[in-house]
Amino acid sequence: MDYKGQPAGNPPPPPPPGYSQPPPQYGQHSTTVITAGMPVVAHCFRETSVPMQCPYCHANITTTTTYETGTLTWVICGVLILFGLWLGCCLIPFCIDGCKDVIHSCPNCHQTVGKFNRM
Ligand SMILES: [Zn+2]
């Protein structure tokens, strides 16, 4: 038999077993993690507008804030009633933005992108 001139007594050394296999598995694993842990949130919404990328239209925006009656508004209303301030005073928290939740919306596509809940 002719081995094309290659010396039969000097085969190339085989790769060490167990060394070349783990990297592909690790790569697939990390890729899966990145895909699963995608964009979700990470934004901390407060009372003021925040710059962010809209998850709906992907534009770089500064959120538009609107105030909405939230849990804290009703809690303060209830507390005022308990203290006897029910003659219209219990409606005060509904007029104070500081007692309300803040809704952050996108000025570009008008989708709600976040909410600041005071409770
Ligand atoms: Zn948008």
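1. A residue is called buried here if 20 or more other C-beta atoms lie within 10 Å of its own, exposed if 12 or fewer, and partly exposed in between, with the C-beta atoms placed from the backbone. By this criterion Met119 counts as exposed, because it has 9 C-beta neighbours inside 10 Å, and buried residues make up 10% of the 119 residues in the chain.

2. The model is a predicted one, in which local features need pLDDT of at least 70 and side-chain atom pairs count only at pLDDT 80 or more, whereas totals for chains, interfaces and linings use all residues. Residues are numbered from 1 along each chain as its sequence is written.

3. As to the overall architecture, the chain holds two helices and five strands, and from the N terminus on its elements follow the order α-β-β-β-α-β-β. Both kinds of element are DSSP runs numbered from the N terminus, helices being H or I over at least four residues and strands being E over at least two. Two residues are taken to be in contact if their C-beta atoms, placed from the backbone, lie within 7 Å; among contacts in the chain between residues at least 6 apart in sequence, 59% join residues at least 24 apart.

4. Three of the strands form an open sheet with the order 3-4-5 and antiparallel pairing, where two strands pair if DSSP finds at least two bridges between them. Strand 3 and strand 5 are the edge strands, each pairing on one side only. Neighbouring strands of this sheet are turned by 25° against each other on average, direction ignored, the axes being lines fitted to C-alpha atoms, for helices over the stretch in contact, and angles running from 0 to 180 degrees between N-to-C directions.

5. Val102 stands opposite Tyr67, and in strand 5 the bridge partner of Val102 is Phe116. For Ile103, the bridge partner in strand 5 is Lys115. As a general point, side chains in a regular strand alternate between the two faces of the sheet.

6. The backbone at two histidines deserves a look. Strand 4 and strand 5 form a hairpin with six residues between them, and His110 in the turn has a positive phi of about 60° although His110 is not a glycine. With 11 C-beta neighbours inside 10 Å, His110 counts as exposed. His58, which lies in the loop between strand 1 (51–53) and strand 2 (60–62), likewise has a positive phi, near 60°, in a residue other than glycine. His58 is exposed because 10 other C-beta atoms lie within 10 Å.

7. What does Met119 contact, leaving aside its neighbours within four places in sequence? Met119, in the segment after strand 5, is in contact with Gly70, Thr71 and Leu72. Asp101 is 18 residues from Met119 in sequence, and the two are 8.7 Å apart in space, C-alpha to C-alpha.
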